Amino acid sequence: VEYSLAVPANRIGYQNGWSAGQLKIVQEALALGIFGVFMVVVLGEPLGWRHVAAFVCIMAAAGFLFIGK
C-alpha cells in the first residue's frame, strides 16, 4: 500500500519542482509520524523523549532542505 502511494506522490512532487532529497525527507517524516501513532495506539508502547527528539531532528532536516526554495 505504501509503495503504491509513494510512486505517484514522488512523480507528482518531482513534476512540481521538489528535489529527490526533499521528497525523501518528507516521505521519512510522514512514515515516522504514522509509525509513532501506530506504536502508541496499537502496540501500547509509551512515546519517550528519544522518539520526540528524533522526530524533531527529521523535521529540522526537512526545514533545511526547504530553505531558499
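Is Phe38 buried, partly exposed or exposed, and what is its relative accessible area?

1. In this predicted model, Phe38 is partly exposed, since its relative accessible area of 38% falls between the 20% limit for buried and the 50% limit for exposed. Phe35 belongs to that class as well, because its relative accessibility is 45%.

2. A search of the whole structure returns 2 aromatic pairs. One of them joins Trp18 and Phe66, whose ring centres lie 5.0 Å apart with the planes at 75°, so the arrangement is edge-to-face, the cut-off for that class being over 60 degrees. This pair connects distant parts of the chain, given that Trp18 sits in the loop between helix H1 (2-15) and helix H2 (20-41) while Phe66 belongs to helix H3, 48 residues apart. Trp18 counts as partly exposed at 32% relative accessibility, and Phe66 is likewise partly exposed at 28%.

3. Phe35 and Phe38 form an aromatic pair of the tilted kind, with 6.0 Å from centre to centre and 35° between the planes. These two residues are 3 apart in helix H2, which means that about one helical turn separates them. An α-helix has 3.6 residues a turn, so residues three or four places apart point the same way.

4. Following H3 comes Gly68, which has a positive phi, near 80°.

Technical notes
Residues numbered from 1 in each chain as written. Predicted model: local features only at pLDDT ≥ 70, side-chain atom pairs only at ≥ 80, totals over all residues. Heavy atoms only, no water. Helix = DSSP H or I, 4+ residues; strand = E, 2+ residues; numbered from the N terminus. Phe/Tyr/Trp six-rings, centres within 6.5 Å; stacked < 30°, edge-to-face > 60°. Buried < 20%, exposed > 50% of the residue type's maximum accessible area, 1.4 Å probe, protein only.
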